[in-house]
Amino acid sequence: MEREGIEHRTVEVNGIKMHLAEKGEGPVVLFLHGFPELWYSWRHQILSLAARGYRAVAPDLRGYGDTEAPADISAYSIFHLVGDLVALIDSLGQEQVFVVGHDWGAIVAWNLCAIRPDKVKALVNLSVPFLPRKQGLWRTDTLRKIYGDDFYVSRFQEPGEVEAQFAQVDTAILMKRFLTSRNPGPLIIPKGKEFVRRANKEITLPSWLSEDDINYFASKFIKTGFAGGLNYYRNMDKNWELSAPWDDIQIKVPTKFIVGDQDLAYHFIGVKDYIHEGGFRRDVPFLKDVIVMEGVAHFINQERPEEISNYIYEFIQKF
């Protein structure tokens, strides 16, 4: 898609071919998307930051879109994902970059800053705050205990199961379901035909999403399926084991955090208290700003593109 001068190419990183969308000249801003998304989620920010003197680079992460998707579930560990980014930063000819992450992209960005803080000038993360290992929240047994077997993270664990369910729903409608969801409560995906029946109902799009946008996302997921992105969730417990050396880590990178008050991630158990009662600042000592946007749901960079672009620019131009 040649959208307003956004260029596309493929680079070899960490043993896989990775698709990049990029535009602009200047300091590099690396944009990391979440589930179930693509580089395209950052389309507005790419144009905005490129126009302000930055080189905006947005990959399809491992398993997504036009980037390779290894078949083996274990190839999606947090070390693979961080390794991809370190190799990508090197391939861009950079010592350090600005990083902007959302959803799983934010989780990968936090881990990049934990493991290789030397690679990150400053960080802007959306939706998902730092999840300290010692709290053990981001583990399947913890989440199952709190939210039950139909909670989306629980449902995503069994290889092939939820993929088969998603395959019974029109992909474009499924993407509309995900991207327009405004329920701040836990995301529940029940088994059986009821989900498929409900999910297949047509949806009216909000002003910030067009049919063209949906069709772009759908065209890629029709081709790849959802397994690549789901494999991130299937490595959560393994990641928890692997990250034992970083149990007490502090994130020592200048950081700005932005979340919508209708975001399901903001309403996760314990998250609000963690963000506002001192835990977040303890674990991320260079946290400069926490912004809670009113009336905004999870896909914040698409729902409020101009404000998010401005927030990113205001922060990174200080460095």
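1. Basis. This is a predicted model, in which local features need pLDDT of at least 70, side-chain atom pairs count only at pLDDT 80 or more, and totals for chains, interfaces and linings use all residues. Residues are numbered from 1 along each chain as its sequence is written, and side-chain values use heavy atoms, with hydrogens and water left out.

2. Over residues 27-146 the chain is 35% helix and 19% strand, where helices (H or I, at least four residues) and strands (E, at least two) are DSSP runs numbered from the N terminus. The end C-alpha atoms of this stretch are 43 Å apart.

3. Largest pocket. The largest pocket has a volume of about 680 Å³. On a 1 Å grid over the protein atoms alone, a pocket is an open set of points with protein on both sides within 12 Å along at least five of seven lines, a cavity is a set where a 1.4 Å probe fits but cannot get out, and lining residues have an atom within 4 Å of a point. Grid points are joined across faces, edges and corners, and a volume is the space filled by probe spheres set on the points. Of the 37 lining residues, Y152, F178, S181, L187 and L264 lie nearest the centre of the pocket. α3 (104-115), α7 and α8 each supply at least two lining residues, and α7 gives the most, with four. The lining divides into 27 nonpolar, six polar and four charged residues; Ala, Val, Leu, Ile, Met, Phe, Trp, Tyr, Cys and Pro count as nonpolar, Asp, Glu, Lys and Arg as charged, and the others, Gly among them, as polar.

4. Largest cavity. The structure holds two cavities of 30 Å³ or more. The largest cavity contains about 400 Å³ of space. Its lining has 23 residues, with N111, L131, R133, W138 and S243 nearest the centre. α3 contributes the largest share, six residues; α2 (78-91) and α11 (236-242) each supply at least two. By class, this lining has 18 nonpolar, four polar and one charged residues.

5. Second largest cavity. This cavity has a volume of about 30 Å³ and is lined by M18, L61, R62, L81, D84, L85, V108 and Y232. Three of the lining residues come from α2, the largest share. The lining has six nonpolar, no polar and two charged residues.

6. Helix α9. In α9, D213, I214, Y216, F217, A218, K220 and F221 are buried, meaning under 20% relative accessible area with a 1.4 Å probe and protein chains only. The buried residues of α9 pack against α1 (43-51), α7 (171-180) and α14 (300-303). G225, which follows α9, has a positive phi near 75°.

7. Residue A199. A199 lies in helix α8 (residues 193-199) and is buried, with a relative accessible area of 2%. Beyond its neighbours within four places in sequence, A199 is in contact with V169, I173 and R177, contact being heavy atoms within 4.5 Å.

How values were computed:
Buried < 20%, exposed > 50% of the residue type's maximum accessible area, 1.4 Å probe, protein only.
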